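Subject: Structure handover

Hi,

Here is the structure I promised you. Please open it next to this email and follow along.

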Amino acid sequence: MTRFAPSPSGHLHVGVARTALFCWAYAHGRGGSFLLRIEDTDQKRSSDSASLGFLKDLEWLGILWNEGPTYTRADGSVVGGGRNGSYFQSERLEIYNREISRLVAAGHAYYAFDTAEELDAKRKASLAAKIPYRYDRTALGLSKAEIDANLAAGKPAVVRCKVPAGAIVIKDEILGEATIPAGEVDDFVIRKADGFPTYHFAVVVDDELMGVTHVLRAQEHFTNTAKHMVLQDALGFRRPTYGHLPIISNPDGSKMSKRDKDKTLRAAVVQKGLTGPPAEFLDETRWKAWLADKNTQLDITDAMRLAAILDVVLPEINVDDFRRSGYLPQVLCNFLALNGWSPGENIEKFDLEFIKQRFDLSRVVKTPAKFDRVKLLSFNCDAITGMPREQFAAQCRLHGERYHPEFLAKLTPEQFTLLADASHERSKTLEDLYRVNRWVVVSDDALTWEQSKNVSKTMLDGTPRGLDRLRELKPLFDGLADWNVATIEATVKGYADTHCEGQLGKAAQPLRVAVTGGTVSPPIFDTMAILGKASSLRRIERCLQRFEQPGA
RNA sequence: GGCCCUAUCGUCUAGCCUGGUCUAGGACACCUCCCUUUCACGGAGGUAACAGGGGUUCGAAUCCCCUUAGGGUCACCA
């Protein structure tokens, strides 16, 4: 039994997703069970019970749990449940209290009444004196009567674990053995003043009661393991096998944080010299507050709008960000698995089934990994290129229905299929089609031409100019009865053969600029076929007018 | 700062445990060329690493020590 035990959240961080993936793979790879438990013992952070949005991220990735919160999938099937519930720690307070009473009675834990201010002062004093802070056990000196009096008086009380003297040896399947010297672990709190257990306590109790035998978690928990071992000994619990996974960070070594998105935006605001909020964006006060406080975050819709205005790309942090950017779930899993683990034999591309069968703690690396989005993109590109045509079109449509309904609404099914087929081999993500083909959804009379060097070069440079060729091409299309890729191709190629010494680009580029407003699009025959005859001709006509003006 | 962990191309990594087959392999990125109607894709080449210093050994990327560097952690967060 392996478990994945996140704190509740609306979104799944990719690093956390990798932990889930490895836990899932480890359990299923050796006939075990995969348990999901919600660690919601922080009332401040977990008060929002609707913050289980990350479950849909797990579903999307294909990581489903045998035991845990009940969850209804998109297809109506239900996962989760189990005999060891509740799988929400906030609903297990009685169990924790029972175990804490046991510890107190046995002398392994004790009440403490120090105030936050007192502890803070001591901590600061230690810092000033350059000695490491440890809880000084003042509360341990309290008599039974004093404790009872404080309790009766309703004084805020925590329970601390009485950590026995002596070094603690952590055994880890990935990192090997580490010895934490005696005195390093102080008497940590196991029950907070609000009556909730701390993470350390709840984890130990639940892992035992739920039958967890293997704990895979991020390396940031490594030194916590000592505390958990102390607790296991005091409670008489079994010791699970531990494996601490290397941390995944940004390419620059910084922690991958949801705040990176706002950080990127703030940097762009400064770089572009924006003084006030862009028109129709946030109001002045909200804007200023957001700019001033590095800890405030825009919601995803606002962040994306601002990113579009500033023309910056937001870094993907959560699984859902990658989904929105058009990555395939199996590719994300594949790539995530490669951060911290490898199957060897120069194998790099694989699916969930492969990970399940091959994942093994002995091949997990000990060093932190920097998350390389460029390589992920390359993997995604390969996966998309390798898809059958119909599958790409279908997946792309699904992606559009979720993220670009207004785009889809402007296309007929036939147009969409043509566009998807034409975009397939040049797409690296499911998002690309929607990102680079704005020309499809712009109305003929609203199309504008890019003010770029490439566009003006295409239209106005050389002899004859692109503009002149366009004028010659237009009547050829006027007379075209059948409008499809083949007839358009024959027309353009015929023209290029006779007028451009066979150089197709001489004819294709002016046409491309005319009908799309820019120099980038799918092959020109497809592009014009998708637009249809009327649109194509109307755009060519407008383009001629636009560039024939002197000084254009 | 204390404690713990780690150290192979720019990045993710193989190799390390069981020293020789490693003039260190793969992938992404980068560079060159080819293909080409734009953008991509694709094809063929190429540059590029054992952190430094001591040992052990006939022999070290592989074992040991030191230095340096990086990461993690020191909460009534998880």
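Start at Thr198, whose side chain reaches the backbone oxygen of Val189 at 2.9 Å. Keep in mind that this is a predicted model. Thr198 sits in the loop between strand S9 (189–191) and H7. Is Thr198 buried or exposed? Its relative accessibility is 12%, so Thr198 counts as buried. Setting aside neighbours within four places in sequence, Thr198 contacts Val189, Ile190, Arg191 and Lys192.

Lys192 leads us to the RNA. An N or O atom in the Lys192 side chain is 2.6 Å from a phosphate oxygen of RNA strand B. Gly340 uses a backbone N or O atom, which lies 2.6 Å from a phosphate oxygen of RNA strand B. Several elements give two or more residues to the surface near RNA strand B, among them helix H5 (116–128), strand S8 (176–180), helix H7 (199–209) and helix H25 (524–531).

Now look at the RNA side.

The largest nonpolar core has 103 residues. Leu21, Leu58, Phe359 and Phe477 have the most contacts inside it. Helix H1 (residues 14–29) gives the largest share of this core, 10 residues. Click on Phe359. Not counting residues up to four places away in sequence, Phe359 touches Phe22, Ala25, Tyr26, Arg30, Leu216, Trp341, Phe354 and Val364. A second, separate core has 25 residues, including Cys161, Ile168, Ile190 and Phe222.

Last stop: Glu67. It lies in the loop between helix H3 (54–61) and strand S3 (68–72). Its relative accessible area is 10%, so Glu67 is buried. Which side chains does Glu67 join through polar contacts? One is Asn84, at 2.9 Å. Another is Tyr87, at 2.7 Å. Glu67 and Asn84 are 17 residues apart in sequence, and their C-alpha atoms are 8.2 Å apart in space. Beyond its neighbours within four places in sequence, Glu67 also has contacts that include Met1, Ser33, Phe34 and Gly80.

Best wishes

Conventions:
Residues are numbered from 1 along each chain as its sequence is written. Chains are lettered from A and ligands numbered from 1 in the order in which they are written. This is a predicted model: local features need pLDDT of at least 70, side-chain atom pairs count only at pLDDT 80 or more; totals for chains, interfaces and linings use all residues. Side-chain values use heavy atoms; hydrogens and water are left out. A polar contact is a pair of N or O atoms within 3.5 Å; within protein, one must be able to donate a hydrogen and the other to accept it, and residues adjacent in sequence count only if both atoms are side-chain atoms. Helices (H or I, at least four residues) and strands (E, at least two) are DSSP runs, numbered from the N terminus. A nonpolar core is a set of buried Ala, Val, Leu, Ile, Met, Phe, Trp, Tyr and Cys residues joined through side-chain atoms within 4.5 Å. Buried means under 20% relative accessible area, exposed over 50%, partly exposed in between (1.4 Å probe, protein chains only). Contact means heavy atoms within 4.5 Å.
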